[in-house]
Amino acid sequence: MLLGFPKNHTRGGGISRTDRYKSLGNSFQVDTVACHLSVLKDLFPGGINMLSLFSGIGGVEVALHKLVVPFKTVVSVEKSEVNRNIVRGWWEQTNQKGTLIDFDDVPRVDGDQLQQLISNIGGFDLVIGGCPCNNLAGSNRHHRDGLEGKEFSLFYDYFRIPDLVKCIMAKPN
């Protein structure tokens with residue numbers, strides 16, 4: 001709750017205590033994110049189409065929900081099945097009216113998938129995410145590989161995908 005998630009956000013679905021703590025430990029403070037995203041409330045009163053990269057346990061989704069920004073479509077890309085289950089459980093528990101689509105790995109998202117999604121939903125209003133920083137911070141101090149680490153290399157996908165979205169959405173129909 002200190003992170004701003006609803007009570008019992010990571011409970012249920014047979015998720016172990018260890019996985020819950022790991023998922024929360026890789027998260028961020030939701031209310032801080034909500035403060036930054038609060039400008040979207042007036043911009044999207046009818047709902048938002050969002051591409052969420054490295055979604056984790058749905059911090060951005062929870063932040064926008066707290067701001068009462070409705071979802072039309074959320075495409076959530078998250079490698080951890082535990083985290084995807086947490087987001088799906090929250091989505092169902094909060095009776096979201098929009099569509100939740102999840103993919104399991106950011107590096108495997110390609111232009112064809114994005115083209116199809118954009119064609120189906122009419123484009124993304126927001127592309128957001130937080131790249132894994134396991135190689136740079138946290139309790140992993142003995143095994144930090146820095147910028148050369150496997151997880152940090154995902155940072156480049158964080159730029160590749162928004163560039164693809166921008167190019168696809170800029171093309172005339």
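**Overall layout**

The model is predicted. The chain has 173 residues, and buried residues make up 39% of them. Its secondary structure comes to 7 helices and 4 strands. Read from the N terminus, the elements run α-α-α-β-α-β-α-β-α-β-α. Among contacts with a separation of 6 or more, 70% join residues 24 or more positions apart.

**The sheet**

The 4 strands form an open sheet. Their order is β3-β2-β1-β4, and the pairing is parallel. Strands β3 and β4 (126-129) are the edges, each pairing on one side only. From one strand to the next, the twist averages 15°.

Strand β1 covers residues 48-53. It is joined to β2 by 6 bridges, and the two run parallel. Met-50 stands opposite Val-74 in β2. Strands of a sheet pair through backbone hydrogen bonds, either parallel or antiparallel.

How many of the residues of β1 are buried? The count is 6 of its 6 residues, and the strand is mostly covered. Ile-48, Met-50 and Ser-52 point one way from β1. Asn-49, Leu-51 and Leu-53 point the other way. In a regular strand the side chains alternate between the two faces of the sheet. Both sets in β1 are buried.

**Helices on the sheet**

Helix α6 (residues 111-121) lies across β1, β2 and β3. It runs at about 180° to β3. Helix α7 (residues 155-170) also packs on the sheet, touching β1 and β4. The direction of α7 makes about 150° with that of β1.

Gln-115 is found in helix α6. At 32% relative accessibility, Gln-115 counts as partly exposed, because its value falls between the 20% limit for buried and the 50% limit for exposed. The C-alpha atom of Gln-115 is separated by 6.4 Å from that of Ile-168. Along the chain, these two are 53 residues apart.

**Helix α5**

Helix α5 takes in residues 81-93, which is 13 residues. At 1.5 Å a residue it should span 18 Å. The end C-alpha atoms are 18 Å apart, so model and expectation agree.

Which residues of α5 are buried? They are Asn-83, Arg-84, Ile-86, Val-87, Trp-90 and Trp-91. Seen down the helix axis, these buried residues fall within an arc of 160°, so they line one face of α5. An α-helix has 3.6 residues a turn, so residues three or four places apart point the same way. The face turned away from the buried side carries the exposed residues Glu-81, Glu-92 and Gln-93.

What do the buried residues of α5 pack against? Their partners are α1 (17-25), α4 (59-66), β2 (71-77) and β3 (99-103).

The N-terminal end of α5 is capped by Ser-80. A side-chain oxygen of Ser-80 lies 3.3 Å from the backbone nitrogen of Val-82. After the helix comes Asn-95, whose phi is positive, near 50°.

Gln-96 has its place in the loop between α5 and β3. Its relative accessible area is 15%. That is under 20%, so Gln-96 counts as buried. Beyond its neighbours within four places in sequence, Gln-96 is in contact with His-65, Phe-71, Trp-90 and Trp-91. Two of these, Trp-90 and Trp-91, are among the buried residues of α5.

Ser-76 lies in strand β2. It is buried, with a relative accessible area of 3%. Leaving aside its neighbours within four places in sequence, Ser-76 is in contact with Ser-52, Ser-55, Glu-61, Leu-100, Ile-101, Asp-102 and Phe-103.

| Residue and atoms | Partner and atoms | Distance |
|---|---|---|
| Ser-76, side chain | Ser-55, side chain | 2.8 Å |
| Gln-96, side chain | His-65, side chain | 3.0 Å |

How values were computed: Residues are numbered from 1 along each chain as its sequence is written. This is a predicted model: local features need pLDDT of at least 70, side-chain atom pairs count only at pLDDT 80 or more; totals for chains, interfaces and linings use all residues. Side-chain values use heavy atoms; hydrogens and water are left out. The expected span of a helix is 1.5 Å times one less than its number of residues. Buried means under 20% relative accessible area, exposed over 50%, partly exposed in between (1.4 Å probe, protein chains only). The arc is that of the directions from the helix axis to the C-beta atoms. Contact means heavy atoms within 4.5 Å. A polar contact is a pair of N or O atoms within 3.5 Å; within protein, one must be able to donate a hydrogen and the other to accept it, and residues adjacent in sequence count only if both atoms are side-chain atoms. Two strands pair if DSSP finds at least two bridges between them. Axes are lines fitted to C-alpha atoms, for helices over the stretch in contact, and angles run from 0 to 180 degrees between N-to-C directions.
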